[in-house]
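Visitor: I am new to this structure. Please take one part of it and look at that part closely.

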Amino acid sequence: HDHPTQVPGSFYQYQNIDYCVAGRVIEQLAGLTYEQFVGNQVQAPSGITDMELGNQTLAGRKPNEVVYYQSATSGDPYVTIDPHRMDANGGWIGRPIDLLLLLRRIDGLAANTDIISGSSFTEMQTGTSANPGYGLATILAGSWWGHNGCMDGTISFLVHRADGFDFAVVCNLRPGNDDCAWNLRDAVDQAVSAVPAQAWPDYDLFPSVN
């Protein structure tokens, strides 16, 4: 067996394989497929009805799913990306409103009942000595927290701001000048901040089941 190259807990490196392993642990403990478990325990109580794992080919595109485009700096998303094989680390098809439906069930606020415990929320919000800016699958940025995603054919960002405003953005291209959506996040954040608080409408666009 190889020995760790770093003392456990002393070094941070983001690895998508960790999420794939977590998906397999869920399957062993729950006795369900990863997709079934997430559908029952995450999506259903959050009011999400349209998320599912994608297919690798253009011909296998789901109803209402976008076409993913290859940029000059990325690979062909219909060759390099296999959503079912990736599943827990980025295989889901989802709309921004689906991401927001999830976010309001894991935000630690009393407005909607969370689907995680208070201790799990604390873990999400607690960094490590190796990386104080990253909690349990959560980017911690002081004035906001959330997460991004990026792979050939897509970039995305889900953000909860300290002022209580949440937003999600998803694109079907991974541009060379914004590899993991940080520029897009900053642009949307600035646009939100430029709108006076009283100008936002007060009606609810979430599904009535919520």
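Visitor: Is Ala 181 buried or exposed?

Guide: This is a predicted model, where local features need pLDDT of at least 70, side-chain atom pairs count only at pLDDT 80 or more, and totals for chains, interfaces and linings use all residues. Residues are numbered from 1 along each chain as its sequence is written, and side-chain values use heavy atoms, with hydrogens and water left out.

Ala 181 has 0% relative accessibility and therefore counts as buried (buried means under 20% relative accessible area, exposed over 50%, partly exposed in between, with a 1.4 Å probe and protein chains only). Ala 181 lies in the loop between strand 6 and helix 7 (helices are DSSP runs of H or I with at least four residues, strands runs of E with at least two, numbered from the N terminus). Although Ala 181 is not a glycine, its phi is positive, about 70°.

Helix 7 covers residues 182-194, 13 residues in total. From first C-alpha to last, helix 7 reaches 18 Å, close to the 18 Å expected at 1.5 Å a residue (the expected span is 1.5 Å times one less than the number of residues). Arg 185, Asp 189 and Val 192 are the buried residues of helix 7. They cover an arc of only 60° around the axis, so they sit on the same side of helix 7 (the arc is that of the directions from the helix axis to the C-beta atoms). An α-helix has 3.6 residues a turn, so residues three or four places apart point the same way. The buried residues of helix 7 pack against strand 4 (144-151), strand 5 (154-161) and strand 6 (166-171), where contact means heavy atoms within 4.5 Å. On the other side of helix 7, Gln 190 and Ala 194 are exposed.
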